[in-house]
Amino acid sequence: QVQLVESGGGLVQAGGSLRLSCAASGFIFSDWDMAWLRQAPGKQREIIAQISSSSTTRYADSVKGRFTISRDNAKKTVYLQMNSLKPEDTAWYYCNRLPGYAPWGMGTQVTVTV
């Protein structure tokens, strides 16, 4: 059974940092590309960072230079280091595999205050 469990969110002031984690199970993690997505209030869920099975990364323009995605295949975990956070980064954050999403986890909430 595929399971994704996100953690690490919280309340942070603008300019601060957070590190999100996503623990995966139920599939061969190292075979899959992984992504972090976020959904802000009233907006659609969007991919903000991707990492391939060979650890090639891609970022949305909105987070490029501030966020870093990484993975630890031995721990079946994907991370998102978020620096220089802005109020517009406030959202629920989710991870998933690509292509063809697995069942969604609960997500982790990030709130950035001014």
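This note goes through the sheet, the salt bridges and one surface patch of the structure above.

1. Basis of the values. The model is predicted, with local features needing pLDDT of at least 70 and side-chain atom pairs counting only at pLDDT 80 or more, while totals for chains, interfaces and linings use all residues. Residues are numbered from 1 along each chain as its sequence is written, and side-chain values use heavy atoms, with hydrogens and water left out.

2. Pairing around S4 and S9. Strand S4 (residues 33-39) runs antiparallel to S5, to which it is joined by five bridges, and also antiparallel to S9, with seven bridges. Arg38 has Glu46 as its bridge partner in S5 and stands opposite Tyr93 in S9; Tyr93 in turn has Thr108 as its bridge partner in S10. Of the eight residues in strand S9 (residues 91-98), seven are buried (under 20% relative accessible area with a 1.4 Å probe, protein chains only; exposed is over 50%, and partly exposed in between).

3. The structure holds four salt bridges, each defined as a side-chain nitrogen of Lys or Arg within 4 Å of a carboxyl oxygen of Asp or Glu. Arg38 and Asp89 meet in one of them at 2.8 Å, N to O; because Arg38 lies in strand S4 and Asp89 in the loop between strand S8 (77-82) and S9, the pair ties together parts that are 51 residues apart in sequence. Asp89 also forms a salt bridge with Arg66, the closest N and O atoms being 2.7 Å apart, and salt bridges that share partners join Arg38, Glu46, Arg66 and Asp89 into one network. Arg38 is buried at 7% relative accessible area, as is Asp89 at 0%, and Arg66 is buried at 10%.

4. An exposed partner. Asp61 forms a salt bridge with Lys64, with 3.2 Å between the closest N and O atoms, and Asp61 counts as exposed at 68% relative accessibility.

Terms used:
Two strands pair if DSSP finds at least two bridges between them. Helices (H or I, at least four residues) and strands (E, at least two) are DSSP runs, numbered from the N terminus.
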